Amino acid sequence: MISKTKLLAGFLALAVPVAGLAGCSSESDSGTERWVTTENTNVDIDWNKVNEAYKTANGPDDLEKKINEIYEGKEIISVSVQDTDDKTQVVTGFFDKNTSGSIDEGEKIFTIKRTITGDGQGSVETQGHGHYASHGPSFLTIAAGMMMGSMMANAMMGPRYVPMYTQPYTTSAARHTSLSSQRSSFRASNPTRFSKPSRTGKTYGGSPSRSGGGGRMRGGGRFGLARAGRTTRPVRLDG
């Protein structure tokens with residue numbers, strides 16, 4: 001007769017590989033889902049600052065500098081500026097991932113459309129795209145006499161204004177290096193804004209111990225040693 005011990009051992013030998021296989025499959029699948037991320041989806045953009053940057057920019061090179069100071073991610077934002085007619089200008093912000101100097105599919109971040117609506121009056125419409133599509137459209141009214149940069153002020157000159165960017169201006173790949181360097185200097189000079197706390201909420205460095213050494217130990221002495229106040233050591237009971 002087969003003993004209960006042998007019967008149980010045979011059952012476990014069959015069950016363990018199946019359970020182990022199921023556990024590996026589940027862990028692999030959940031791990032894949034957890035670590036799959038999408039580029040450029042975790043950095044917010046302050047749209048009020050973007051509109052202000054456009055309103056006060058003195059030209060496309062000044063605008064792209066301001067935009068990259070606002071953006072807190074690692075990527076460089078390229079801009080394209082085009083006058084579609086004497087009243088309308090369209091600015092496009094995009095991640096030039098392949099440094100082609102053109103706006104390829106999936107690269108567009110936002111568009112700013114400036115329209116002259118009358119003598120010394122105009123409007124600015126801002127719309128997000130891709131991950132930022134939830135923003136907009138938002139509208140800003142502009143008028144002569146407001147504080148603005150030459151890029152927009154020139155457009156308010158009425159009939160004397162000649163569109164400068166009928167041939168679009170686009171951030172070149174060569175500009176990325178200087179923009180990155182300039183932005184690094186800007187961030188270094190604004191440590192309060194760009195220094196992020198630990199996501200765990202922990203403070204690194206720890207409190208020094210009373211003896212002047214490293215971080216303070218928790219839980220008293222080491223295991224197996226008598227603590228202060230204990231009169232006897234644990235007694236081993238042999239069963």
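Predicted model: local features only at pLDDT ≥ 70, side-chain atom pairs only at ≥ 80, totals over all residues.

Tutor: A residue is called buried when its relative accessible area is under 20%. The buried residues of α3 are P60, D62, L63, E64, I67, N68, E69 and I70. Helix α3 spans residues 60-70, and because eight of its eleven residues are buried, the helix is largely enclosed by the rest of the structure. For the protein as a whole, buried residues make up 28% of the 239 residues.

Part of the surroundings of α3 is helix α2, whose buried residues pack against α3. Those buried residues are W47, V50, N51, A53, Y54 and K55, in a helix that covers residues 47-56. They also pack against the strands β2 (88-94), β3 (108-118), β4 (121-128) and β5 (138-143), and against helix α4 (150-153). At the start of α2, a side-chain oxygen of D46 lies within 3.2 Å of the backbone nitrogen of N48.

To place these elements in the chain, note that the protein has six helices and six strands. Their order from the N terminus is α-α-α-β-β-β-β-β-α-β-α-α. Among contacts with a separation of 6 or more, 49% join residues 24 or more positions apart.

One further site deserves attention: D96, in the loop between β2 and β3. D96 is buried yet has no salt bridge, and the nearest side chain of opposite charge, K97, is 9.9 Å away. Leaving aside residues up to four places away in sequence, D96 touches S78, G101, S102, E107 and H176.

Conventions
Residues numbered from 1 in each chain as written. Heavy atoms only, no water. Buried < 20%, exposed > 50% of the residue type's maximum accessible area, 1.4 Å probe, protein only. Helix = DSSP H or I, 4+ residues; strand = E, 2+ residues; numbered from the N terminus. Contact = heavy atoms within 4.5 Å. Polar contact = N/O pair within 3.5 Å; in protein donor to acceptor, adjacent residues only side chain to side chain. Lys, Arg positive; Asp, Glu negative; His and termini not counted. Salt bridge = Lys/Arg side-chain N within 4 Å of Asp/Glu carboxyl O.
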